[in-house]
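Please open the model in your viewer and keep the sequence panel beside it.

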Amino acid sequence: TRSSVGKTKCLVTGGAGFLGKHLVEKLLASGKYEVVVFDIRDNGDPRVATIVGDLRDAQQVEDALAGVDVVFHCATAAPAAANTANKTLMHDVNVKGTQNIIEGCVTQGITKLVYTSSASVVFDGKDLFNVDEETPYAKNPIDFYTETKILGEKLVLSSNNRSGLTTVALRPSGIFGEHDPLLVPTIVANAKKGKMKFIIGSGKNLMDFTYVGNVAQAHLLAADLLAPGAKCAGKAYFITNADPQPF
Ligand code: NAD
């Protein structure tokens, strides 16, 4: 049933992943949410129910969304080498899977969808400083993963106001924090192999990193604010720790 024992029922796709697990923690800590995870792997936390399912299966997605009030769509196929098989998987999960979420939300009468996008959707290969959300999508995205994030974000934002659904997209850049599976471990592994001794370019490249807890918190705030006609509805927001400063 919807909103059992006075709590808002939410579904976190990718809730067994790096950001997803932090988001689940914050949702539980808020005391306001009953949390269900939808992922191809189990979240493992006994306090949440995991529906082990695949975003590529529209029926599984629709069934998982029954009785849900808020959807946090955090899942992504892991960025990998851009060979044809990986591209197909990435497109099916990140674009068709996102479309399945939207259709499921509409069918199940869900009113709030928070989509985890990426700051890379505006990155054309040149440093961006002090830009805002008016910046257009990249004409030449840096990789296929980013292409799918752009398509997913466009689908989500253009579905705002569809049958009572409200949507918002959040765009973190690099995410770091506890249980980071990728960013810091890769840097450490490369350093151990002696691969961190070189500076490529001027050494003044700009990159934004955001603490995972802040990214998760942004998702809760977005869900709180989403409503028909709300300022944030149908919009995308960069998520950073603070204003970036030049070196
Ligand atoms: P992650 O790989 O740790 O988690 C993704 C989760 O999605 C995994 O648990 C995975 O099992 C699940 N998943 C994959 N395919 C699925 C499918 N077909 N059906 C259901 N679940 C599936 O990734 P993350 O770093 O936690 O990223 C979370 C979100 O944040 C993603 O949308 C990503 O694009 C975005 N993001 C991440 C970063 C970063 O630096 N990590 C930066 C910007 C944006």
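Select the strands to begin: 7 of them form an open sheet in the order 3-2-1-4-5-6-9, with parallel pairing. Helices (DSSP H or I, at least four residues) and strands (E, at least two) are DSSP runs numbered from the N terminus, and two strands pair if DSSP finds at least two bridges between them. The edges are strand 3 (49-52) and strand 9 (235-239), each of which pairs on one side only. On average, neighbouring strands of this sheet are turned by 20° against each other, direction ignored. The model is predicted, so local features need pLDDT of at least 70 and side-chain atom pairs count only at pLDDT 80 or more, while totals for chains, interfaces and linings use all residues. Residues are numbered from 1 along each chain as its sequence is written, and side-chain values use heavy atoms, without hydrogens and water.

Next, select residues 8-13 and 70-73: strand 1 and strand 4 run parallel and are joined by 4 bridges. Leu11 has Val71 as its bridge partner in strand 4.

Axes are lines fitted to C-alpha atoms, for helices over the stretch in contact, and angles run from 0 to 180 degrees between N-to-C directions. Then show helix 6 (residues 212-225), which lies across strands including strand 2 (33-39) and strand 6 (166-172), at about 155° to strand 5.

Which side chains meet in a salt bridge at 3.2 Å, N to O? Select Lys32 and Asp224; a salt bridge is a side-chain nitrogen of Lys or Arg within 4 Å of a carboxyl oxygen of Asp or Glu. Lys32 lies in the loop between helix 1 (18-30) and strand 2 and Asp224 in helix 6, so the pair ties together parts 192 residues apart in sequence. The structure holds 7 salt bridges.

Notes:
Contact = heavy atoms within 4.5 Å.
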